[in-house]
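Q: Please take a close look at a single part of this model. Describe how that part is placed and what surrounds it.

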Amino acid sequence: MESIYYVVSWACHRKCKHCYETKFRPYVRDELEAVISEAEAAFPQIIENLPERHTFLDLEAPDPTAPGGFVERPGRFILSGGEVLVEPARERIFYPVLERLQERYRGQGNPVVIQTTGDLVTEQIVDDLLERGVTMISVAGMDDFHVGMEGDKRIPVKEKLTRMFEAAGMQKEGRQTPVRGDDTGTANFGFFGATEEAWIGKIWPRGRAWENDLSRATITDNFCNAWSGGLNFLNHRYAGSEVSIEPNGDVYPCCLKTKCPVGNLKEEPLLEILESLEGHPAFEAISMGHPERMGLAFGWDVAKFYDQSSTKTPGGRDYQNLCIGCDRFHEQVLGPVIQDLREKRRAARAPKVRIA
(Lines give C-alpha, C1' and ligand atoms only; values in the text may rest on other atoms or scores of the structure.)
Protein backbone atom coordinates (compact mmCIF):
# COMPACT_ATOMS: atom_id res chain seq x y z
CA MET A 1 0.00 0.00 0.00
CA GLU A 2 1.09 3.59 -0.36
CA SER A 3 1.28 4.46 3.32
CA ILE A 4 1.32 2.74 6.70
CA TYR A 5 0.75 5.15 9.60
CA TYR A 6 2.13 3.60 12.77
CA VAL A 7 1.65 5.20 16.18
CA VAL A 8 4.59 3.66 18.03
CA SER A 9 3.77 4.86 21.55
CA TRP A 10 1.15 6.73 23.59
CA ALA A 11 3.80 8.59 25.56
CA CYS A 12 4.08 12.34 24.95
CA HIS A 13 5.62 15.28 26.79
CA ARG A 14 2.58 17.45 26.04
CA LYS A 15 -1.14 17.34 26.78
CA CYS A 16 -2.44 19.53 23.97
CA LYS A 17 -6.05 20.63 24.22
CA HIS A 18 -6.69 19.92 20.51
CA CYS A 19 -5.31 16.37 20.49
CA TYR A 20 -7.49 13.73 18.87
CA GLU A 21 -6.50 11.05 21.41
CA THR A 22 -6.66 11.37 25.20
CA LYS A 23 -4.01 8.64 25.57
CA PHE A 24 -1.37 10.97 24.10
CA ARG A 25 -0.04 12.64 27.26
CA PRO A 26 2.76 12.58 29.81
CA TYR A 27 3.03 9.44 31.93
CA VAL A 28 5.07 8.88 35.09
CA ARG A 29 6.37 5.92 37.10
CA ASP A 30 4.22 2.77 36.78
CA GLU A 31 1.88 4.30 34.20
CA LEU A 32 4.83 5.23 31.99
CA GLU A 33 6.35 1.79 32.28
CA ALA A 34 2.99 0.21 31.39
CA VAL A 35 2.55 2.13 28.12
CA ILE A 36 6.21 1.67 27.17
CA SER A 37 6.15 -2.06 27.94
CA GLU A 38 2.94 -2.56 25.95
CA ALA A 39 4.38 -0.98 22.82
CA GLU A 40 7.79 -2.60 23.34
CA ALA A 41 6.26 -6.06 23.53
CA ALA A 42 3.96 -5.49 20.55
CA PHE A 43 6.18 -3.92 17.88
CA PRO A 44 8.15 -7.03 16.79
CA GLN A 45 4.95 -8.93 15.94
CA ILE A 46 3.34 -5.83 14.41
CA ILE A 47 6.24 -5.44 11.99
CA GLU A 48 6.31 -9.18 11.30
CA ASN A 49 2.65 -9.02 10.23
CA LEU A 50 3.16 -6.14 7.81
CA PRO A 51 3.30 -7.06 4.09
CA GLU A 52 6.52 -8.77 3.01
CA ARG A 53 6.76 -6.20 0.22
CA HIS A 54 5.50 -2.74 1.07
CA THR A 55 4.76 -1.39 -2.43
CA PHE A 56 1.90 0.07 -4.44
CA LEU A 57 0.97 0.53 -8.09
CA ASP A 58 1.00 4.18 -9.13
CA LEU A 59 -2.20 4.84 -11.09
CA GLU A 60 -0.67 8.04 -12.47
CA ALA A 61 2.12 6.05 -14.11
CA PRO A 62 0.68 3.42 -16.50
CA ASP A 63 3.16 0.90 -17.88
CA PRO A 64 1.74 -1.85 -20.11
CA THR A 65 4.97 -3.84 -19.72
CA ALA A 66 4.80 -3.91 -15.92
CA PRO A 67 2.92 -6.53 -13.86
CA GLY A 68 -0.43 -4.97 -13.01
CA GLY A 69 -0.12 -2.38 -15.77
CA PHE A 70 1.33 0.40 -13.62
CA VAL A 71 4.71 1.39 -12.24
CA GLU A 72 5.35 -0.23 -8.86
CA ARG A 73 6.67 2.15 -6.19
CA PRO A 74 7.87 1.62 -2.61
CA GLY A 75 5.27 2.35 0.05
CA ARG A 76 5.82 4.87 2.81
CA PHE A 77 6.02 4.39 6.57
CA ILE A 78 4.86 7.28 8.75
CA LEU A 79 5.90 6.85 12.39
CA SER A 80 4.27 9.02 15.01
CA GLY A 81 3.21 9.23 18.62
CA GLY A 82 2.53 10.73 21.07
CA GLU A 83 6.00 12.07 20.70
CA VAL A 84 8.44 9.58 19.19
CA LEU A 85 11.47 11.40 20.64
CA VAL A 86 10.38 11.43 24.30
CA GLU A 87 12.28 9.14 26.64
CA PRO A 88 12.18 6.24 27.22
CA ALA A 89 10.05 5.68 24.12
CA ARG A 90 12.84 6.86 21.80
CA GLU A 91 15.42 4.31 22.91
CA ARG A 92 13.18 1.39 23.83
CA ILE A 93 10.61 1.57 21.01
CA PHE A 94 11.18 4.17 18.31
CA TYR A 95 14.84 3.46 17.44
CA PRO A 96 14.30 -0.33 17.58
CA VAL A 97 11.25 0.05 15.30
CA LEU A 98 13.36 2.00 12.78
CA GLU A 99 16.07 -0.64 12.92
CA ARG A 100 13.60 -3.50 12.50
CA LEU A 101 12.01 -1.79 9.49
CA GLN A 102 15.48 -1.26 7.97
CA GLU A 103 16.24 -4.94 8.40
CA ARG A 104 12.89 -6.26 7.13
CA TYR A 105 12.64 -3.95 4.10
CA ARG A 106 16.30 -3.62 3.20
CA GLY A 107 16.76 -2.79 -0.47
CA GLN A 108 13.10 -1.89 -1.13
CA GLY A 109 13.66 1.88 -0.87
CA ASN A 110 10.69 2.61 1.38
CA PRO A 111 10.46 6.26 2.52
CA VAL A 112 10.33 6.57 6.31
CA VAL A 113 8.64 9.70 7.65
CA ILE A 114 8.61 10.65 11.32
CA GLN A 115 6.27 13.14 12.93
CA THR A 116 7.48 15.14 15.91
CA THR A 117 6.50 18.36 17.66
CA GLY A 118 10.09 19.48 17.00
CA ASP A 119 11.05 20.85 20.41
CA LEU A 120 12.98 17.70 21.40
CA VAL A 121 15.04 17.54 18.21
CA THR A 122 18.82 17.88 18.61
CA GLU A 123 21.73 17.61 16.17
CA GLN A 124 22.58 14.18 17.58
CA ILE A 125 19.00 12.98 17.19
CA VAL A 126 18.93 14.15 13.56
CA ASP A 127 22.10 12.12 12.92
CA ASP A 128 20.59 9.12 14.71
CA LEU A 129 17.43 9.32 12.58
CA LEU A 130 19.28 9.59 9.27
CA GLU A 131 21.52 6.66 10.22
CA ARG A 132 18.40 4.58 10.84
CA GLY A 133 16.89 5.26 7.43
CA VAL A 134 14.57 8.21 8.10
CA THR A 135 13.91 10.06 4.83
CA MET A 136 11.73 12.86 6.19
CA ILE A 137 11.32 14.68 9.49
CA SER A 138 7.86 16.25 9.61
CA VAL A 139 7.52 18.83 12.40
CA ALA A 140 3.86 18.74 13.37
CA GLY A 141 3.66 21.23 16.22
CA MET A 142 3.48 24.44 14.22
CA ASP A 143 0.16 25.86 15.41
CA ASP A 144 -1.41 27.95 18.14
CA PHE A 145 -2.58 24.88 20.06
CA HIS A 146 0.99 23.89 21.00
CA VAL A 147 2.14 25.91 24.00
CA GLY A 148 5.17 27.96 23.04
CA MET A 149 4.38 27.78 19.31
CA GLU A 150 1.64 30.42 19.19
CA GLY A 151 1.85 32.95 16.38
CA ASP A 152 5.29 34.45 15.87
CA LYS A 153 6.75 32.33 18.68
CA ARG A 154 7.17 29.45 16.24
CA ILE A 155 9.25 31.50 13.78
CA PRO A 156 12.55 31.18 15.70
CA VAL A 157 11.81 27.51 16.35
CA LYS A 158 11.38 26.85 12.63
CA GLU A 159 14.51 28.85 11.82
CA LYS A 160 16.58 26.92 14.37
CA LEU A 161 15.31 23.55 13.13
CA THR A 162 15.83 24.57 9.50
CA ARG A 163 19.47 25.38 10.21
CA MET A 164 19.88 22.07 12.01
CA PHE A 165 18.28 20.03 9.23
CA GLU A 166 20.16 21.78 6.43
CA ALA A 167 23.47 21.31 8.27
CA ALA A 168 22.73 17.58 8.17
CA GLY A 169 22.26 17.74 4.38
CA MET A 170 18.46 17.69 4.39
CA GLN A 171 16.30 19.78 2.08
CA LYS A 172 13.00 21.51 2.73
CA GLU A 173 9.88 19.84 1.40
CA GLY A 174 6.62 21.76 1.12
CA ARG A 175 4.38 18.77 1.73
CA GLN A 176 3.89 16.67 4.82
CA THR A 177 5.20 13.55 3.08
CA PRO A 178 7.78 13.01 0.34
CA VAL A 179 6.88 13.38 -3.31
CA ARG A 180 5.54 10.11 -4.69
CA GLY A 181 8.31 8.22 -6.36
CA ASP A 182 11.03 10.58 -5.07
CA ASP A 183 14.28 8.68 -5.51
CA THR A 184 16.79 11.49 -5.11
CA GLY A 185 18.21 9.90 -1.98
CA THR A 186 18.06 13.26 -0.18
CA ALA A 187 16.26 13.39 3.16
CA ASN A 188 13.56 16.05 3.52
CA PHE A 189 12.05 18.09 6.31
CA GLY A 190 8.81 20.06 6.58
CA PHE A 191 6.50 21.88 8.98
CA PHE A 192 2.76 21.72 9.54
CA GLY A 193 0.13 22.05 12.23
CA ALA A 194 -3.58 22.35 12.93
CA THR A 195 -4.01 25.67 11.15
CA GLU A 196 -7.01 26.94 9.22
CA GLU A 197 -5.47 26.13 5.84
CA ALA A 198 -4.47 22.58 6.80
CA TRP A 199 -6.56 19.49 6.16
CA ILE A 200 -7.03 19.12 9.91
CA GLY A 201 -7.88 22.77 10.43
CA LYS A 202 -11.52 22.12 11.37
CA ILE A 203 -10.28 19.80 14.16
CA TRP A 204 -11.48 16.22 14.36
CA PRO A 205 -14.33 15.44 16.80
CA ARG A 206 -12.10 13.18 18.85
CA GLY A 207 -10.21 12.98 22.12
CA ARG A 208 -9.39 16.14 24.06
CA ALA A 209 -10.40 18.24 21.05
CA TRP A 210 -13.93 16.96 21.55
CA GLU A 211 -13.82 17.28 25.33
CA ASN A 212 -12.67 20.90 24.92
CA ASP A 213 -15.37 21.71 22.34
CA LEU A 214 -12.84 22.69 19.65
CA SER A 215 -14.17 21.01 16.51
CA ARG A 216 -15.75 23.42 14.04
CA ALA A 217 -16.54 20.78 11.44
CA THR A 218 -20.05 20.52 9.97
CA ILE A 219 -21.93 17.82 8.08
CA THR A 220 -20.20 18.99 4.89
CA ASP A 221 -16.72 18.33 6.31
CA ASN A 222 -16.17 14.74 5.26
CA PHE A 223 -12.92 13.76 6.98
CA CYS A 224 -13.35 10.23 5.60
CA ASN A 225 -13.07 11.40 1.99
CA ALA A 226 -9.49 12.63 2.28
CA TRP A 227 -5.96 11.57 3.02
CA SER A 228 -5.68 10.21 6.60
CA GLY A 229 -9.39 9.39 6.39
CA GLY A 230 -10.76 6.02 5.33
CA LEU A 231 -10.53 6.86 1.62
CA ASN A 232 -8.98 3.98 -0.37
CA PHE A 233 -7.89 2.02 2.69
CA LEU A 234 -9.05 -1.25 1.07
CA ASN A 235 -7.22 -0.57 -2.22
CA HIS A 236 -3.98 -1.81 -0.73
CA ARG A 237 -2.39 -2.60 -4.09
CA TYR A 238 -2.77 0.93 -5.39
CA ALA A 239 -1.87 4.58 -4.80
CA GLY A 240 -3.89 6.42 -2.19
CA SER A 241 -4.14 3.55 0.28
CA GLU A 242 -3.29 3.98 3.96
CA VAL A 243 -4.12 2.33 7.28
CA SER A 244 -3.43 3.41 10.85
CA ILE A 245 -1.86 1.16 13.51
CA GLU A 246 -1.88 1.74 17.26
CA PRO A 247 0.89 0.79 19.74
CA ASN A 248 -1.00 -2.35 20.77
CA GLY A 249 -1.39 -3.52 17.15
CA ASP A 250 -4.99 -2.42 16.55
CA VAL A 251 -5.67 -1.49 12.91
CA TYR A 252 -8.01 1.27 11.76
CA PRO A 253 -9.09 2.56 8.32
CA CYS A 254 -8.17 6.13 9.31
CA CYS A 255 -6.04 8.21 11.68
CA LEU A 256 -9.18 9.54 13.33
CA LYS A 257 -10.05 5.94 14.25
CA THR A 258 -13.38 4.25 13.86
CA LYS A 259 -15.14 3.17 17.04
CA CYS A 260 -13.79 -0.38 16.67
CA PRO A 261 -10.50 -1.60 15.17
CA VAL A 262 -10.82 -3.89 12.16
CA GLY A 263 -8.14 -6.26 13.45
CA ASN A 264 -4.91 -6.54 15.41
CA LEU A 265 -1.41 -7.10 14.05
CA LYS A 266 -0.26 -9.01 17.10
CA GLU A 267 -2.66 -11.73 15.99
CA GLU A 268 -2.85 -11.64 12.19
CA PRO A 269 -1.26 -10.27 9.01
CA LEU A 270 -2.38 -6.86 7.75
CA LEU A 271 -3.27 -8.06 4.26
CA GLU A 272 -5.34 -10.90 5.68
CA ILE A 273 -7.39 -8.37 7.64
CA LEU A 274 -7.93 -6.05 4.68
CA GLU A 275 -8.77 -8.82 2.21
CA SER A 276 -11.43 -10.17 4.58
CA LEU A 277 -13.19 -6.79 4.41
CA GLU A 278 -13.16 -6.48 0.62
CA GLY A 279 -16.68 -6.51 -0.81
CA HIS A 280 -18.30 -5.85 2.55
CA PRO A 281 -20.74 -2.96 1.96
CA ALA A 282 -19.91 -1.02 5.12
CA PHE A 283 -16.16 -1.09 4.60
CA GLU A 284 -16.41 -0.47 0.88
CA ALA A 285 -18.41 2.68 1.69
CA ILE A 286 -15.65 3.87 4.04
CA SER A 287 -13.01 3.08 1.42
CA MET A 288 -14.95 5.10 -1.16
CA GLY A 289 -15.08 8.08 1.19
CA HIS A 290 -18.87 7.85 1.65
CA PRO A 291 -19.46 6.86 5.28
CA GLU A 292 -23.05 8.03 5.03
CA ARG A 293 -23.69 4.94 2.85
CA MET A 294 -22.05 2.38 5.16
CA GLY A 295 -25.38 1.32 6.63
CA LEU A 296 -27.41 0.80 3.46
CA ALA A 297 -27.25 -2.99 3.74
CA PHE A 298 -28.28 -2.82 7.42
CA GLY A 299 -31.40 -0.66 7.29
CA TRP A 300 -29.58 2.65 7.75
CA ASP A 301 -30.38 4.79 4.75
CA VAL A 302 -28.52 8.05 4.16
CA ALA A 303 -31.24 10.09 5.88
CA LYS A 304 -30.93 7.97 9.03
CA PHE A 305 -27.14 8.23 8.96
CA TYR A 306 -27.35 12.03 8.74
CA ASP A 307 -29.83 12.04 11.62
CA GLN A 308 -27.51 9.86 13.70
CA SER A 309 -24.66 12.27 12.92
CA SER A 310 -26.25 14.97 15.10
CA THR A 311 -25.31 15.52 18.72
CA LYS A 312 -24.47 18.15 21.32
CA THR A 313 -20.87 19.07 22.06
CA PRO A 314 -19.67 18.97 25.69
CA GLY A 315 -20.14 22.75 25.64
CA GLY A 316 -23.80 22.39 24.61
CA ARG A 317 -23.52 23.40 20.95
CA ASP A 318 -25.57 21.69 18.26
CA TYR A 319 -23.12 19.65 16.20
CA GLN A 320 -23.44 17.44 13.12
CA ASN A 321 -20.61 15.55 11.44
CA LEU A 322 -20.29 12.19 9.67
CA CYS A 323 -17.76 10.96 12.25
CA ILE A 324 -20.54 11.01 14.85
CA GLY A 325 -22.79 8.90 12.62
CA CYS A 326 -19.90 6.51 11.98
CA ASP A 327 -19.34 6.09 15.72
CA ARG A 328 -23.01 5.36 16.34
CA PHE A 329 -23.21 2.90 13.46
CA HIS A 330 -20.24 1.00 14.89
CA GLU A 331 -21.79 1.01 18.36
CA GLN A 332 -25.25 -0.06 17.26
CA VAL A 333 -24.57 -2.29 14.25
CA LEU A 334 -21.04 -2.85 13.03
CA GLY A 335 -19.21 -3.87 16.22
CA PRO A 336 -20.55 -7.45 16.27
CA VAL A 337 -20.00 -7.74 12.50
CA ILE A 338 -16.31 -6.86 12.93
CA GLN A 339 -15.97 -9.38 15.75
CA ASP A 340 -17.59 -12.10 13.61
CA LEU A 341 -15.17 -11.41 10.75
CA ARG A 342 -12.30 -11.58 13.20
CA GLU A 343 -13.49 -14.94 14.53
CA LYS A 344 -13.79 -16.31 10.99
CA ARG A 345 -10.21 -15.27 10.21
CA ARG A 346 -9.04 -16.86 13.44
CA ALA A 347 -10.85 -20.09 12.61
CA ALA A 348 -9.35 -20.13 9.10
CA ARG A 349 -5.83 -19.85 10.60
CA ALA A 350 -6.38 -22.63 13.13
CA PRO A 351 -4.55 -25.86 12.34
CA LYS A 352 -6.80 -28.46 10.76
CA VAL A 353 -7.30 -31.63 12.80
CA ARG A 354 -6.97 -34.79 10.74
CA ILE A 355 -9.36 -37.58 11.59
CA ALA A 356 -7.81 -41.03 11.21
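A: The bridge partner of S3 in β9 is E242. Four bridges join β1 to β9 (residues 242-245), and the two strands run parallel. This is a predicted model, in which local features need pLDDT of at least 70 and side-chain atom pairs pLDDT 80 or more, while totals for chains, interfaces and linings use all residues. Residues are numbered from 1 along each chain as its sequence is written, and side-chain values use heavy atoms, without hydrogens and water.

β1 and β9 belong to an open, mixed sheet of nine strands (DSSP E runs of at least two residues; pairing needs at least two bridges), ordered β7-β8-β6-β5-β4-β1-β9-β10-β11. β7 (171-172) and β11 (263-264) are the edge strands, each pairing on one side only.

Helix α2 (a DSSP H or I run of at least four residues) lies across β1, β4 and β5, at about 170° to β4.

The axes of α2 and α3, lines fitted to C-alpha atoms over the stretch in contact, come within 10 Å and cross at roughly 30°. The two helices are therefore roughly parallel (under 35 degrees). R90, F94, Y95, L98 and Q102 of α2 meet I125, D128, L129 and E131 of α3.

How values were computed. Contact = heavy atoms within 4.5 Å. Axes fitted to C-alpha atoms, helices over the stretch in contact; angles between N-to-C directions. Parallel < 35°, antiparallel > 145°, perpendicular 65-115°, else oblique.
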